[in-house]
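Reader: I have a model open and some questions about it. Can we go through it piece by piece?

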Amino acid sequence: MPNDDTIKLLNECNSGIKMGVQGINEVIIHADDKQLIDILNKYLKEHERLGNKTHEYLNKFHDSGKEPSTIATAMSWVKINLTMMQANQDEHIADLMTDGCNMGIKSIAKYLNKYPTALPEVKELASDVIKLEENFALDLRKFL
């Protein structure tokens, strides 16, 4: 049976991945550059893959997961939609997504440190989320 740290870390990964999927889905419809659209689609699929893996663990451990906070979701939606009213949307999309990646990296790294007794495979999943966000931010740099 998993310990408390394992469930808490999984829930934070679950919430963060959901925020990433929501953010990408919000901006992808505004992207013009084919390369940027391809990158967004690639990382959307990767977020969904890790989200599915997170759900497999949550189901295995009989936990329903954690939704992103209502405040964080609302603030993200407002920021995205206000930013999309500006010119040069591809640059703004890259900027927004990079900010999201950086927040995800900080958040998951913090929880990895906060929950040190989580099962090794769940800690590895959290590390995979961090790597995903790092690679996403790197791929977005050419659009900034």
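Reader: Which exposed residues does the face of α5 turned away from its buried side carry?
Author: That face carries P120 and E124. Exposed means over 50% relative accessible area, buried under 20%, and partly exposed in between, with a 1.4 Å probe and protein chains only. Helices are DSSP runs of H or I with at least four residues, strands are runs of E with at least two, and both are numbered from the N terminus.

Reader: Before going on, what sort of model is this, and how are things counted?
Author: This is a predicted model: local features need pLDDT of at least 70, side-chain atom pairs count only at pLDDT 80 or more, and totals for chains, interfaces and linings use all residues. Residues are numbered from 1 along each chain as its sequence is written, and side-chain values use heavy atoms, with hydrogens and water left out.

Reader: Back to α5. Which of its residues are buried?
Author: The buried ones are V122, L125, A126, V129, I130, L132, E133, F136, A137 and L140. Seen down the axis of α5, they fall within an arc of 150 degrees, so they line one face of the helix. The arc is that of the directions from the helix axis to the C-beta atoms.

Reader: What do they pack against?
Author: Against α1 (4–28), α2 and α4 (89–114). Contact here means heavy atoms within 4.5 Å.

Reader: Different topic. How many aromatic pairs are there?
Author: A search of the whole structure finds three. One of them is Y43 with F136: the ring centres are 4.5 Å apart and the planes are at 15 degrees, so the pair is stacked. Rings of Phe, Tyr and Trp (its six-membered ring) pair if their centres lie within 6.5 Å; planes under 30 degrees apart count as stacked, over 60 as edge-to-face and the rest as tilted.

Reader: Where do Y43 and F136 sit in the chain?
Author: Y43 is in helix α2 (residues 34–60) and F136 in helix α5 (residues 120–140), 93 residues apart, and the pair links distant parts of the chain. Y43 is buried at a relative accessible area of 4%, and F136 is buried at 2%.

Reader: And what about Y111 and Y115?
Author: Their ring centres are 5.9 Å apart and their planes are at 5 degrees, so that pair is stacked. Y111 and Y115 are both buried.

Reader: Last one: how many helices and strands in the protein chain?
Author: Five helices and zero strands. Of the 144 residues in the protein chain, 43% are buried.
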